[in-house]
Amino acid sequence: MSRVSVTDLKAKLSRYLREVRRGGEVEILERGVPIARLTGISALADAAGEERRARLVRSGVLRQGTSELSKILEQPPLVVSTSILEALEEERADRL
């Protein structure tokens, strides 16, 4: 965990935000006394997301998957009769 003064935090905020984004923590000091801690929200968001998903499953809005992803990935890709570029050009033809 990094320790930084309020003055240094103001001057180099982007640097400390990058550190937090990468999973670090920054303790903020005012006159050498810790006053706050800057942490990422990914861990909190993950826990909140899991709780929300469980609530949606319980209410019947969301249904859990029943197969493994590896089985789906083993299937050959769909064969499409047109290219993506052609489909986009056709879709956007009226805008040109």
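Let's start with Glu-27, which lies in strand β2, residues 26-30 (strands are DSSP runs of E with at least two residues, helices runs of H or I with at least four, both numbered from the N terminus). In this predicted model, local features need pLDDT of at least 70, side-chain atom pairs count only at pLDDT 80 or more, and totals for chains, interfaces and linings use all residues. Residues are numbered from 1 along each chain as its sequence is written, and side-chain values use heavy atoms, leaving out hydrogens and water.

Is Glu-27 buried or exposed? Glu-27 has a relative accessible area of 12%, so it counts as buried (buried means under 20%, exposed over 50%, partly exposed in between, with a 1.4 Å probe and protein chains only). Leaving aside residues up to four places away in sequence, Glu-27 touches Met-1, Ser-2, Arg-3, Val-4, Pro-34, Ala-36 and Arg-37 (contact means heavy atoms within 4.5 Å).

## Leu-69 in helix α4

Now look at Leu-69, placed in helix α4, residues 69-74. Leu-69 is exposed because its relative accessibility is 56%.

## The whole chain

How many helices and strands does the chain have? There are 5 helices and 3 strands, and from the N terminus on they run β-α-α-β-β-α-α-α. The radius of gyration is 24 Å, well over the 12 Å that the globule rule gives for 96 residues, so the chain is more spread out than a compact globule (the radius is taken over C-alpha atoms, and the rule is 2.2 Å times the number of residues to the power 0.38).

The C-alpha trace spans about 70 × 45 × 25 Å along its principal axes. Buried residues make up 8% of the 96 residues.
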